[in-house]
Amino acid sequence: MDNKAYLDEIAVKSKKKFSAGPILTPLMIKLIAAAAVAVIAMVVIGGILSAKNNEVAEIHQTVYARISSIVGDESPYEEYAERLKSSDLRTYVVQMTSSMDTTLSAIDSYYPDASKASNKVIEENSGTMTALMTTFEDAKLNGQLDKTLASETAYQLSMLISLEQQARAKSTNDDYAQTLDNSMRDLEALQKLFKDYSDTH
């Protein structure tokens with residue numbers, strides 16, 4: 001065997017002896033797959049938790065925005081309560097706004113972020129108040145303001161009570177929860193007054 005043949009034979013043996021195995025072994029493939037599944041799971045769980053937190057914040061913001069719209073300077077009640085013929089209804093409106101003012105002050109103390117409403121909450125609430133204003137205006141023109149305001153207010157209070165129940169269920173602050181309990185108690189009594197008026201006139 002000449003030198004060249006001998007060297008070629010050694011080179012072939014060396015290549016066989018030191019050749020690397022496959023880069024992706026079954027174990028390596030399993031580890032990569034497990035890591036990918038873990039990353040996907042973390043992203044999904046993070047998204048779910050974020051959506052849940054947004055949902056909780058949104059219900060508190062909705063309660064705050066709705067009450068603010070009812071007692072605010074641009075409220076339909078600010079515009080139309082003084083036009084009511086019934087002194088009883090005017091008294092009920094004063095009682096309602098007084099109770100809601102107390103609730104707003106308490107919410108500000110226990111849940112200050114409630115006033116920072118999202119665009120979605122603002123738009124939904126604005127639509128509700130615009131529709132209510134239109135209903136009151138039409139009723140005034142038709143000479144039915146007292147009865148319409150009473151029935152619509154009974155309905156609006158039932159919606160607000162429902163929102164407060166949802167907020168109460170998601171509350172982790174005992175003082176805030178008590179505020180909502182007190183508010184719901186007042187609103188239920190007021191709702192009955194407005195409904196009774198509407199049913200009897």
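**Basis and confidence**

Residues are numbered from 1 along each chain as its sequence is written, and side-chain values use heavy atoms, with hydrogens and water left out. Since the model is predicted, local features need a pLDDT of at least 70 and side-chain atom pairs count only at pLDDT 80 or more, whereas totals for chains, interfaces and linings use all residues. The pLDDT is the predictor's confidence in each residue, from 0 to 100. The protein averages a pLDDT of 83, and 80% of the residues score at least 70. Confidence is lowest in helix 1 (residues 3-18), with a mean of 58, and highest in helix 6 (residues 145-169), with a mean of 95. Over residues 47-52 the pLDDT falls below 50, and this stretch has zero contacts in the model beyond near neighbours in sequence; a contact means heavy atoms within 4.5 Å.

**Overall fold**

The protein has seven helices and zero strands, where helices (H or I, at least four residues) and strands (E, at least two) are DSSP runs numbered from the N terminus. Among contacts between residues at least 6 apart in sequence, 79% join residues at least 24 apart. Of the 201 residues, 31% are buried; buried means under 20% relative accessible area, exposed means over 50%, and partly exposed lies in between, with a 1.4 Å probe and protein chains only. The protein exposes about 12600 Å², of which carbon and sulfur atoms supply 57%, the areas coming from the Shrake-Rupley method with a 1.4 Å probe and, for residues, with only the protein chains shown counting as cover.

**The largest pocket**

About 170 Å³ of space lies in the largest pocket. Of the 10 residues that line this pocket, the closest to its centre are Glu58, Ile59, Thr62, Glu124 and Leu163. A pocket here is, on a 1 Å grid over the protein atoms alone, an open set of points with protein on both sides within 12 Å along at least five of seven lines, and lining residues have an atom within 4 Å of a point. Grid points are joined across faces, edges and corners, and the volume is the space filled by probe spheres set on the points. Helix 2 (26-71), helix 5 (119-141) and helix 6 each supply at least two residues of the lining, and helix 2 gives the most, with five residues.

**Selected residues**

| Residue | Relative accessible area | Class |
|---|---|---|
| Glutamine 156 | 8% | buried |
| Leucine 157 | 1% | buried |
| Serine 158 | 21% | partly exposed |
| Threonine 200 | 59% | exposed |

Glutamine 156 is placed in helix 6 and, leaving aside residues up to four places away in sequence, touches Arg66, Thr128, Met129 and Leu132. Leucine 157 also lies in helix 6, and with the same exclusion of residues up to four places away, leucine 157 touches Met96, Met100, Leu187, Leu190, Gln191 and Phe194. The C-alpha atoms of leucine 157 and glutamine 191 are separated by 5.9 Å, although these residues are 34 apart along the chain.

Serine 158 belongs to helix 6, and its C-alpha atom is 9.8 Å from that of lysine 192, which is 34 residues away along the chain. Threonine 200 has its place in helix 7 (residues 174-200); between threonine 200 and lysine 147, 53 residues apart in sequence, the C-alpha to C-alpha separation is 9.1 Å.

Technical notes. On a 1 Å grid over the protein atoms alone, a cavity is a set of points where a 1.4 Å probe fits but cannot get out, and a pocket is an open set with protein on both sides within 12 Å along at least five of seven lines; lining residues have an atom within 4 Å of a point.
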